[in-house]
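These notebook entries record what I looked up in the structure. I took a loop position, then helix packing, then a pocket.

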Amino acid sequence: MTKLTNPYAHVYADFRRATAEHQLVMLHDDGLYRHLRIQKPGTRMWSWDITTWPGHLATSDGFVFTRLEDVIGFFDISEWNRDYYSDGAPSIDVRYWAEKLSGGRWHEVKKYDVGVFIRHVKDSLSEHEELGDEAQHFHEQQLALLRKLHELRGLDEAMMQEHLQAYWKDELSEAELWAGDALSDEQFEKLDAEFDWSALTDVPMPLIAPAERAAEILTEARMYAGSEREAHEWLHENSEIFGEDTWEWDLCDYDLHFMFTCYCIDLAVRLYREQQAQQAALPESARLSSRVFGFLVRGFRALGRPRRRSSHPTAEAVQS
């Protein structure tokens, strides 16, 4: 089955390059209380921390999520969604994850995006009755029929273009443009069998092809794409093309920082689950040794930290 294209492929590609050698460092793991660090061995560059406590998960870049009691389970993407997209990216429901941000911060992670605005304009134009893909196909069929008609009448391309120019200047009637009197019955029947004569000749030929006009509108849209307000005002001014409900169009997308955070969380959860699976596969004696070793390492780390003194009088009294 062909996999879908990741809409955030550029973000995921940057993430993969930046974290290709990253590993999990477990700083604390006590039930729902965890402190995970993801880093490249030997350096803290491009590293991040994730801490969890009942119902919460916090990232070192300031995002706090609230959901299940064990929030790791909420962010644990199932195996069949692990490489959902064609670039190997996991299927992350970014909107749903953003809704779980603590303090109602979900609106802070979406920003106006020029690409989203242009995509809305393109989609609307492609479906437009007079400017869309179907209209362009119909126009091309009209030209093909007219060209074939002129060929059967013994007229070349230059003459057809001359007739079209006269038609657009109202110097040649529609009946004259599509005149088939010079055709034999057999020629007309063949022409009618190849083309839908009635449908194609009953609609006026536009001076500008639908695709060409749509391209002009798209170029104009890019000139007014500088801000969300400017984009919405331009859409409103062109409501005869885009309709009256364009103020409801969401021209925002999740910013790159939040998308990167989502991929960071996913990688941390995946590495944590892998470590859990490896620990579960060890004999009980080995798991016990591993826990003791981890306890000793944390203890030596704590002993090695400089003791901070506080100017608070109560703290001084306790220390003394």
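**Entry 1: S60**

Where is the place of S60? The model I am reading is a predicted one. I located S60 in the loop that lies between β4 (56-59) and β5 (64-66). I then looked up its contacts, setting aside neighbours within four places in sequence, and found W48 and D49. I also noted the spacing to S47: 13 residues in sequence separate S47 from S60, and their C-alpha atoms are 9.3 Å apart in space.

**Entry 2: α4 and α10**

Two packed helices are described by the angle between their axes and the distance between the axes. I looked up both values for helix α4 (residues 114-126) and α10 (210-223). Their axes come within 10 Å and cross at roughly 160°. Angles over 145 degrees count as roughly antiparallel, so α4 is roughly antiparallel to α10. I recorded the crossing of this pair as right-handed.

Which residues of α4 and α10 make the contact? From α4 I listed F117, I118, V121, K122 and L125, and from α10 A214, I217, L218, A221 and R222. Sorted by class, the residues of this contact are eight nonpolar and two charged, with no polar residue.

**Entry 3: α5 and α8**

I repeated the look-up for helix α5 (residues 133-152) and helix α8 (residues 185-194). Here the axes come within 11 Å, and the crossing angle is roughly 165°. The helices α5 and α8 are therefore roughly antiparallel to each other. The crossing of α5 and α8 is right-handed.

On the α5 side I noted L145, K148, L149 and L152, which meet Q187, L191 and E194 of α8. The residues of the contact between α5 and α8 comprise four nonpolar, one polar and two charged.

**Entry 4: the second largest pocket**

I next turned to open space in the model. Rolling a probe the size of a water molecule over the atoms shows where empty space is left. The second largest pocket has a volume of about 320 Å³. Its lining has 18 residues, and the closest to the pocket centre are E130, L131, A135, P206 and P210.

Which helix supplies the largest share of the lining of the second largest pocket? I found that α5 does, with four residues. Helices α5, α10 and α12 (239-242) each contribute at least two residues to this lining.

Key:
Residues are numbered from 1 along each chain as its sequence is written. This is a predicted model: local features need pLDDT of at least 70, side-chain atom pairs count only at pLDDT 80 or more; totals for chains, interfaces and linings use all residues. Side-chain values use heavy atoms; hydrogens and water are left out. Axes are lines fitted to C-alpha atoms, for helices over the stretch in contact, and angles run from 0 to 180 degrees between N-to-C directions. Angles under 35 degrees count as roughly parallel, over 145 as roughly antiparallel, 65 to 115 as roughly perpendicular and the rest as oblique. A crossing is left-handed if the near helix is turned anticlockwise from the far one by less than a right angle, and right-handed if clockwise. Contact means heavy atoms within 4.5 Å. Ala, Val, Leu, Ile, Met, Phe, Trp, Tyr, Cys and Pro count as nonpolar, Asp, Glu, Lys and Arg as charged, and the others, Gly among them, as polar. On a 1 Å grid over the protein atoms alone, a cavity is a set of points where a 1.4 Å probe fits but cannot get out, and a pocket is an open set with protein on both sides within 12 Å along at least five of seven lines; lining residues have an atom within 4 Å of a point. Grid points are joined across faces, edges and corners, and a volume is the space filled by probe spheres set on the points.
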